[in-house]
Amino acid sequence: MGKVIAIANQKGGVGKTTTAVNLAASMAATKRKVLLIDLDPQGNATMGSGIDKYAVHASAYELLVDEKPFHEVVVKETAGGYHLIAANSDVTAAEVRLMNVFARELRLRNALKEARLHYDFIFIDCPPSLNMLTVNAMAAADSVLVPMQCEYYALEGLTALMDTINQLTSVVNADLKIEGILRTMYDPRNRLANDVSEQLKQHFGDKVYRAVIPRNVRLAEAPSFGTPVMYYDKGSTGAKAYLALAGEILRRADKKTVKTSISA
């Protein structure tokens, strides 16, 4: 069954959507079957995948509210070679509609039961806030990948996010784990960035990915062309960094599989 990873941070502007799009594309490039779910009403992951959010036949709204099967709402042709469940302003209404629904926090988990059988990885791009959409993502996910900048306020926000994840673990998903912490927009010339990076490694150990996403012009430009950076400029440091991240996630998954086999 496919692994579901929520990409989340309550702080905006940390490279969450950039990570969702480019990690999905990098995994697809390794011949894995990948589904990206855009749960942010801004629809940036949808546009960054080369899909017009205003022209999609269905979105995450239909998946969550109308309970349409995932294969009826999925977009199969994207610029990144992965499948997509799109988002647009309709998804804002989904949160309102779900407020009066029984077991509303489990809608996405139930919708993905069949999808897990068709994909190796399912990535969920969460909104930059703790709302019903984010709760649905956390309830459906096996783990959470946290992108964050190496700056003081981001470190403070990470503490709040960890508290939120712990609360959700006790309420909606007892099996939820931290997949990893990803340092984004990293500038090694910045002393504060290096200090925060060291603090992260001290507190979270091997949960901090070795792969680091640098500040990179190509990463910033690619979304305006509706394509992941590896198809915009495959030689850029941003493209190489996300390929390295995909490789690291796959190696970690292989190690866990081996350990599970040995213990069994």
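What is the volume of the largest cavity? It comes to about 50 Å³, and the legends below begin with that space. The structure is a predicted model, in which local features need pLDDT of at least 70 and side-chain atom pairs count only at pLDDT 80 or more, while totals for chains, interfaces and linings use all residues. Residues are numbered from 1 along each chain as its sequence is written, and side-chain values use heavy atoms, with hydrogens and water left out.

**View 1. The largest cavity and its lining.** On a 1 Å grid over the protein atoms alone, a cavity is a set of points where a 1.4 Å probe fits but cannot get out, and lining residues have an atom within 4 Å of a point. Grid points are joined across faces, edges and corners, and a volume is the space filled by probe spheres set on the points. By this rule the count is one cavity of 30 Å³ or more. The lining of the largest cavity is made by Ala8, Asn9, Gln10, Cys126, Pro127, Ser129, Leu130, Thr134, Met138, Leu161 and Thr164. Helices H7 and H8 each supply at least two residues of this lining; helices (H or I, at least four residues) and strands (E, at least two) are DSSP runs, numbered from the N terminus. The lining of the largest cavity holds six nonpolar, five polar and no charged residues, where Ala, Val, Leu, Ile, Met, Phe, Trp, Tyr, Cys and Pro count as nonpolar, Asp, Glu, Lys and Arg as charged, and the others, Gly among them, as polar.

**View 2. Helix H8 and its packing partners.** Helix H8 runs over residues 152–171, and at 1.5 Å a residue its 20 residues should span 28 Å, which agrees with the 30 Å between its end C-alpha atoms; the expected span is 1.5 Å times one less than the number of residues. The buried residues of H8 are Ala154, Leu155, Gly157, Leu158, Leu161, Met162, Thr164, Ile165 and Leu168, buried meaning under 20% relative accessible area, exposed over 50% and partly exposed in between (1.4 Å probe, protein chains only). These buried residues pack against helix H7 (132–140), strand E5 (143–149), strand E6 (177–186) and helix H9 (191–204), with contact meaning heavy atoms within 4.5 Å.

**View 3. Helix H1 beside the largest pocket.** Helix H1 (residues 16–29) has 14 residues and reaches 20 Å from its first C-alpha to its last, close to the 20 Å expected at 1.5 Å a residue. H1 is mostly covered, with 12 of its 14 residues buried, among them Lys16, Thr17, Asn22 and Met27. Just after H1, Lys31 takes a positive phi of about 75°. The largest pocket holds about 460 Å³ of space, a pocket being an open set of grid points with protein on both sides within 12 Å along at least five of seven lines. Of the 28 residues that line the largest pocket, Gly15, Lys16, Thr17, Thr18 and Met185 lie nearest its centre. Elements giving two or more residues to this lining are H1, helix H2 (44–48), E6, strand E7 (208–214) and helix H10 (217–221), and H1 gives the most, with five residues. By class, the lining of the largest pocket has 13 nonpolar, 12 polar and three charged residues.

**View 4. The second largest pocket along helix H12.** About 370 Å³ of space lies in the second largest pocket. Of its 15 lining residues, Asp206, Glu248, Arg251, Arg252 and Lys255 lie nearest the centre. Strand E7 and helix H12 (237–263) are the elements that give two or more residues to this lining, and the largest share, nine residues, comes from H12. The lining of the second largest pocket has four nonpolar, no polar and 11 charged residues.

View 5. Rings of Phe, Tyr and Trp (its six-membered ring) pair if their centres lie within 6.5 Å, and planes under 30 degrees apart count as stacked, over 60 as edge-to-face and the rest as tilted. Phe70 and Tyr119 form an edge-to-face pair, 6.0 Å centre to centre with 70° between the planes. This pair links distant parts of the chain, with Phe70 in helix H4 (residues 70–73) and Tyr119 in the loop between helix H6 (107–115) and strand E4 (121–125), 49 residues apart. Phe70 counts as buried at 6% relative accessibility, and Tyr119 counts as buried at 7%. The rings of Phe225 and Tyr232 have their centres 4.9 Å apart and their planes at 25°, so this pair is stacked.
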